[in-house]
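We'll go from strands to a helix, then to the ligand.

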Amino acid sequence: MKNRTNPRILVLGGGFGGLETAFYLRMRLGNQADITLVSDKDHFLFKPNTIYIPFGQDVERLKIPLEPPLKRRNIRFMQTQAHQVDSIHRTVGTGEGAVPFDYLVVATGAGMRPEEIPGLKAHGHNIWTPEDMLALRQAFETLAAEASASNNRRVLFLVPPNNKHAGPLYEMAFLFDSWLQKHDRHDGIDLILTTYEDSYLQSFGNRFDSIISEEFDRRHITAYKQYEVERVEPNEVVYKNGQSVPYDLLVSFPPYVASTPFLGLPSDPRGFVTTYQESRRVIECPCIYAVGDISNFPVKQAYLAVLQADAAAEHIAADILNTKPTINYSHPVSMYVLDEFDTATFAQIPLEVKNFYQQSAEVPAGDAETYRVGSSPVWHYGKKLLGMYLPQRFRAGKPLHSGVAWQGMEAGLKVLSQVLTH
Ligand SMILES: Cc1cc2nc3c(=O)[nH]c(=O)nc-3n(C[C@H](O)[C@H](O)[C@H](O)COP(=O)(O)OP(=O)(O)OC[C@H]3O[C@@H](n4cnc5c(N)ncnc54)[C@H](O)[C@@H]3O)c2cc1C
């Protein structure tokens, strides 16, 4: 039964951060809070596996309708767009009017801004939405149909500055290469990857560099580091170091910005909301939290969004229950699987932010035991398993990162990582 003295908790966003927050709060608080979730979409999208759409994955199977699991947990669902936060009067402006709150969690994710790079929007394919991935499927098909030993085609994968999670673009290059080999369609197709980074997948520390270099060699993919894009022409990319690389098909993961900039909240120039690291509470806003890609943590990942959501939800619950929070986001340890179809790389990555505004993160030196990276075909099946398990938790209205099932999964990953990584 609804209790009129219950605090009103409003969660914006139906992605990893939003759902984890809402389900964790319901699990922790029982019926001691009125929880509302606002999302512009009627479904959750399991974004990490959209990487398989160009190779035949059915888009609909990556979606979970929001209404049934939220209803099951007595969480009110409003399908509408949030466009403004009034932190003084504690209301959020939405397409259905102002919604009041006692606690607010902003989890509206990131968006792409290809316009930052002249020519990128007009000439490049993105890997961001399911629609982008379907367009890429068509482009890969067309290119493979046109190419032959006497009719060479070049596919250029481009990592520009201010992309906050380059892993999926490397993953796409490797998956495409495996797909071409599997279907015996590699003749006449050259793959090239350029990145502005000093080392491959730099935000995940120095151990990826040699593993990824070896994969590029094994697959005969040409790759260049420290190539910062200046502009994109119809058939070539021009870099700030004076070099240019021609292409027939350009695939990029553009610079990140907040999906919705909330002018009422302290934010950086890209719209990422400024938070205290431990709690994800927004600075100068006692009852407002930001988790996931919209927050100012410099690396944007689903795994990190979930850790942030747990910390924020725990801090809100502790405030309501007058207890001490048991989860902090002080020393996040991420997990990531970069799939290639025929093999995959698993990484467990401790991350440390370098200053209060969390503008950059590094793998702390001297944490060799926690920092583990390794490749094995086993991780390909590990990613498949995660792709089945994680959406099921949300479908059941449960947070990902709790309960016996997760503890078993995490223990299994730890054992495997001891054996298969270094
Ligand atoms: C191709 C690809 C592969 C990836 N692979 C991995 C991986 O292997 N591992 C990993 O950890 N991460 C991966 N990521 C990153 C991961 O998907 C994101 O970090 C994660 O989705 C962030 O979660 P979030 O809840 O912050 O945002 P999202 O998941 O983007 O959710 C935001 C939600 O807010 C809603 N919304 C947006 N604006 C509004 C508004 N104004 N009002 C109401 N609702 C709004 C959106 O519809 C959405 O439901 C990948 C990303 C991509 C694109």
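A crossover counts as right-handed if, with the strands pointing away from you, the path from the first strand over the helix to the second runs clockwise. Keep that picture handy, and bear in mind that this is a predicted model.

**The strands**

By that rule, strand 1 (residues 8-12), helix 1 (residues 16-29) and strand 2 form a right-handed β-α-β unit. Strands 1 and 2 run parallel and are joined by 5 bridges.

How many residues of strand 2 (residues 34-39) are buried? It's 5 of the 6, so the strand is largely enclosed by the rest of the structure.

**Helix 6**

Now jump to helix 6, residues 207-219. With 13 residues at 1.5 Å each, it should span 18 Å, and its end C-alpha atoms are 19 Å apart, which agrees.

The buried residues in helix 6 are Phe208, Asp209, Ile211, Ile212, Glu215, Phe216 and Arg219. As a reminder, an α-helix has 3.6 residues a turn, so residues three or four places apart point the same way. The buried residues of helix 6 pack against several elements, including helix 5 (167-182), strand 13 (189-195) and strand 21 (333-339).

Asp209 deserves a zoom. Leaving out residues up to four places away in sequence, Asp209 touches Ser199, Tyr200 and Lys225.

**The ligand**

Finally, the ligand: 34 residues surround it, and the closest are Gly17, Asp40, Lys47, Ala82 and Thr260.

| Residue | Atom on the protein side | Distance to a ligand oxygen atom |
|---|---|---|
| Phe16 | backbone N or O | 3.1 Å |
| Asp293 | polar backbone atom | 2.9 Å |
| Lys383 | side-chain N or O | 3.3 Å |

So where does the protein side of each contact come from? For Phe16 it's a backbone N or O atom, for Asp293 a polar backbone atom, and for Lys383 an N or O atom in the side chain.

Definitions and conventions:
Residues are numbered from 1 along each chain as its sequence is written. This is a predicted model: local features need pLDDT of at least 70, side-chain atom pairs count only at pLDDT 80 or more; totals for chains, interfaces and linings use all residues. Side-chain values use heavy atoms; hydrogens and water are left out. Buried means under 20% relative accessible area, exposed over 50%, partly exposed in between (1.4 Å probe, protein chains only). Helices (H or I, at least four residues) and strands (E, at least two) are DSSP runs, numbered from the N terminus. Two strands pair if DSSP finds at least two bridges between them. The expected span of a helix is 1.5 Å times one less than its number of residues. Contact means heavy atoms within 4.5 Å. A residue is near a molecule or strand if one of its heavy atoms lies within 4 Å of it. A polar contact is a pair of N or O atoms within 3.5 Å; within protein, one must be able to donate a hydrogen and the other to accept it, and residues adjacent in sequence count only if both atoms are side-chain atoms.
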